[in-house]
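User: I'd like to go through this model with you, starting with the charged pairs and then moving on to other things. Here it is.

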Amino acid sequence: MAAGTSMGSSSTGLVPKPKLSFWQIFNMSFGFLGIQFGFALQNSNASGILRNYGADVEHLSWFWLAAPVVGLIVQPIVGHYSDNTWTKLGRRRPYFLAGAILSSGALTLMPNAGILGTIAPLVIIGAGFLMIMDACFNLSMEPFRALVADNLPDSQRTMGFSIQTFLIGIGAVLGSWLPAILAYFGVSESAPDGVVADNVKYGFYIGAAVFITSILITVFKTKEYPPAEYEKYHGKSESHNTGLASIFTDLKKMPKTMKQLGLVQFFSWFALFGMWVFTTDTIATHIMGLPIEDRSSDMYRKAQSWTGVIFGVYNLVSAIYALCLPFIASKIGRKQTHALSLIIGGIGLISIFFAPNKEFLIFSMICVGIAWASILAMPYVILSSSIPAGKMGIYMGIFNFFITLPQILNGIIGGPMVKNVYNNQPVYAVLTAGIFMICAAISVIYVYDPGAIIIKQEKEVS
């Protein structure tokens, strides 16, 4: 791997790890633009598509369960095997490439459940395609985070994850806004009951092309440290057991910092899941005054399109704010940066309850975008400094438990709560999400950050 001229030390390395140039870090993370392009299409449109297919609002969170359940299973396995394999393409890149090919196929299937409509009800087929699509996304996603931690010294990890978050934001903006842009240029956003509108359908097709193209750029523009060189920087792996059973051993030996970050992640991702699932119906019922039974009128489809627009806003803000994270963290600390960002995000979610019109939600999503940028970067920055040698992939995968489990819990209870506790008013699910986001901000203050100590010592020495 080509390296810059300056050197930095790694928390676990025997030899200081070379610093990389901006463009090396940029190319290494570029595939995440495509991954998040696909995720944005999913997050902005999956609820609307499932409602188009006939789902009731109280069942939406159950259908969304497919995504975190798949992630819970797939990511630790992918992380484990990417730690323990080496090919001509490297350690992590084979998983990017396989995930890209499969994800592109899945994106073309999601809005076309009608092709299998005689096999089962459309909503069941749509939920199945959602599960397949998320499994393919997960195959690509977590090895990217491991790659950044593999290749960068502690002193560059905030920058590395921030650039990654910037690219995530750009991809998500494009993916979120694409259906609305297509509609603006005349692609129909109307369709009969049970059919996905053309602007959404073509958006998914374009997303498939962007996904695989961006992954290929990273695959061909990035190199990885071969095993001998990796060991020189990181030290020998603590274990030579490469069987799947070692996942449970690693789970038992989870670093203290990961356990503490788990609570932060629980609150954060419980909140995000509620926002993703119920925003469209919150706009339709709380802002536009539509009945909860409406799921295919032109007004409902406009609510669905507006969800894409405002989700694009929060992703655009996250892309810009991500570039500010290294500076802010250097001034007030990594934990304090994350806590402040989460508080702002919580305020944004709570403000949705008081929104006088749909345009006000732009302000709400600006606040959410600040939290989203930090959620995608700062926990991984803090975590990466506490992971033992040779275990980056598996622990990044295990860390995903703290992302998927709160989503699964929200998926199980969220819909019934909207129906039975919130009296079919999904806005209260979003309000609850805001409260959980603030709880995440409070809990991050108590996390032990060994990397911050290392950086402080390096500054004192220099």
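User: How many salt bridges does the count come to?
Analyst: The count comes to six salt bridges, with the caveat that this is a predicted model, in which side-chain atom pairs count only at pLDDT 80 or more.

User: Which residue does D281 pair with?
Analyst: The side chain of D281 meets that of R51 in a salt bridge, with 3.2 Å from N to O. This pair links distant parts of the chain, since D281 belongs to helix α11 (residues 256–287) and R51 to helix α2, 230 residues apart.

User: And are those two buried or exposed?
Analyst: D281 and R51 are both buried.

User: What about R334, which residue does it form a salt bridge with?
Analyst: R334 forms a salt bridge with D449, and their closest N and O atoms are 2.7 Å apart. Here too the pair links distant parts of the chain: R334 is in helix α14 (residues 334–351), while D449 sits in the loop between α18 and α19 (450–461), 115 residues away. R334 counts as buried because its relative accessibility is 7%, and D449 is likewise buried, with a relative accessible area of 7%.

User: K358 and E359, how far is it from N to O there?
Analyst: The side chains of K358 and E359 meet in a salt bridge at 3.1 Å, N to O. K358 is partly exposed at a relative accessible area of 24%, and E359 also counts as partly exposed, at 41% relative accessibility.

User: Switching to helix packing: how do α2 and α8 cross?
Analyst: The axes of α2 (residues 31–52) and α8 (residues 198–221) come within 6 Å and cross at roughly 160°, so the two helices are roughly antiparallel to each other, an angle over 145 degrees being enough for that. Their crossing is left-handed.

User: Now backbone angles. What is phi at N423 and at N424?
Analyst: N423 has phi near 55°, a positive value in a residue other than glycine, and N424, also not a glycine, has a positive phi of about 60°. Most residues other than glycine have a negative phi.

User: Where do they lie, and how exposed is each?
Analyst: N423 is placed in the loop between α17 (401–421) and α18 (427–444), and N424 lies in that loop between α17 and α18 as well. N423 counts as exposed at 57% relative accessibility, whereas N424 is partly exposed, with a relative accessible area of 27%.

User: Last one, which residues make the nonpolar surface patch?
Analyst: V69, I73, I77 and Y81 make a patch of about 310 Å². Among them, I77 lies in helix α4 (residues 66–83) and is partly exposed, its relative accessible area being 33%.

Terms used
Residues numbered from 1 in each chain as written. Predicted model: local features only at pLDDT ≥ 70, side-chain atom pairs only at ≥ 80, totals over all residues. Heavy atoms only, no water. Patch = residues over 30% accessible without salt bridge, like charges linked within 9 Å, V, L, I, M, F, W, Y side chains within 5 Å. Areas by Shrake-Rupley, 256 points an atom, 1.4 Å probe, with all protein chains shown as cover. Salt bridge = Lys/Arg side-chain N within 4 Å of Asp/Glu carboxyl O. Helix = DSSP H or I, 4+ residues; strand = E, 2+ residues; numbered from the N terminus. Buried < 20%, exposed > 50% of the residue type's maximum accessible area, 1.4 Å probe, protein only. Axes fitted to C-alpha atoms, helices over the stretch in contact; angles between N-to-C directions. Parallel < 35°, antiparallel > 145°, perpendicular 65-115°, else oblique. Left-handed = near helix turned anticlockwise from the far one by under 90°.
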